[in-house]
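Student: I would like to go through the labels used for this model and ask what each one rests on.
Tutor: Then let us take them one at a time.

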Amino acid sequence: MKRWTIDRRTIVTAGLAALLAGCSIIPKGAERPAPAPTPTAEPSDSVLPEDQTRHRIALLVPMSGDNGNVGLAISNATTMALLDTNANNLRITTYDTAAGADAAARQAVREGNKLILGPLLGSNIPAVLSVARPADVPVISFSNDTNAAGPDVFVMGHVPEQSVMRTIQFARNRGAQNFAIIAPDGDYGVRAEEAMRRSVSAYGGTVVWTERYSRGNTSIVSAAERLKVHGGYDTVLIADGARLAEQAAAVLKPGGTGPVRLLGTELWSGESSVARATAMQGALFSAVSDARYKRFVDSYEARFGTQPYRIATLGYDAVLLTLRVARDWKVGTNFPLAALRSEDGFLGLDGAFRFGRTGVVERAMEVREVRAGGVVVVDNAPTKF
């Protein structure tokens, strides 16, 4: 089992959106993948040396295989966070989950780590937890598999339901009343529809119709045509990425005209094509703020020579969270689990966030509107809870 050790003197260069829940390969979208890891000296396979001044934190991500570049980006982001904050009280060691998440977790626990950041995939959480829980080592996963959260498992990934609920709340304030949804078959579509129904129940209005489709060349177009024939709605949530959403929008709002209001999800974030599609004008969607992301990208490129994956910010923010907790955490003792449930939450590159009673992250999101030539923020994300 390979491992990489990170401290503030060492930059480790070797060592979104579909769901991270059960996926085996993370979709790469428009981001450019990171370069192949460059050779570097391997640390000893023996137990880590005694360290009386730093907390030992394990980072469990794939550093090889199909998702190796994603894991590398997260690992690099944790290094950036240590350097940017001049942190000298954390030792972060990266363990490669590609060869087995359970083996990586066993090594991490054996070497005295008191907190696990990761894994990346929700499907790996049970294997990690089977090792971490008996050792009283909590897990902060980068997945958005809300079903995996628990008393000692915290889900940090961006949860699509929260984007849907934020958008529908805003749309209701703008007069939306009768809602319909076009959603793909599969887990993402189910979660989006359930979130819409919960939102309408909470904020008012009526869900009048649902259209499902299998992702294909014209399936979403057919779903939009069926919905148009059905009628009875004033607002439609299109729960898919920008490319397919544009196809449905062209049916529901040809030429950008008509009374129907279109809503999207966090999958539209960062997709410049939405502003070029006439039918998408006036559409609303919610996502975490990008106010700090551009600076992060510039810094990442300067250090590592490539653009990061969008999900890399989770690694950076996980370090900021850990540093906040470390103010009152004695080196060598168990991680103070209760600190993760602070009602005030934490502030990171992706804005304010906190963990709820169930262990699922709650994020402050902004609402954006598609306009000619660009996407603008029409309701800022709260800066605190």
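Student: What makes the contact between glutamate 362 and arginine 354 a salt bridge?
Tutor: A salt bridge is a side-chain nitrogen of Lys or Arg within 4 Å of a carboxyl oxygen of Asp or Glu. The side chains of glutamate 362 and arginine 354 meet at 3.0 Å, N to O, so the term applies. This is a predicted model: local features need pLDDT of at least 70, side-chain atom pairs count only at pLDDT 80 or more, and totals for chains, interfaces and linings use all residues. Residues are numbered from 1 along each chain as its sequence is written, and side-chain values use heavy atoms, with hydrogens and water left out.

Student: Why is glutamate 362 called partly exposed?
Tutor: Buried means under 20% relative accessible area, exposed over 50%, and partly exposed in between (1.4 Å probe, protein chains only). Glutamate 362 has 32% relative accessibility, so it falls in between. Arginine 354, at 22%, also counts as partly exposed.

Student: How many salt bridges does the structure hold?
Tutor: The structure holds 18. One of them joins glutamate 369 to arginine 174, with the closest N and O atoms 3.5 Å apart. Glutamate 369 lies in strand β15 (residues 366-371) and arginine 174 in the loop between α4 (160-173) and β7 (178-184), so the pair ties together parts that are 195 residues apart in sequence. Helices (H or I, at least four residues) and strands (E, at least two) are DSSP runs, numbered from the N terminus.

Student: Is glutamate 369 buried or exposed?
Tutor: Glutamate 369 is at 11% relative accessibility, so it counts as buried.

Student: How do you know that the span of helix α1 agrees with its length?
Tutor: The expected span is 1.5 Å times one less than the number of residues. For the 18 residues of α1 (residues 68-85) that should be 26 Å, and the end C-alpha atoms are 26 Å apart, so the two agree. Of those 18 residues, 14 are buried, so α1 is largely enclosed by the rest of the structure.
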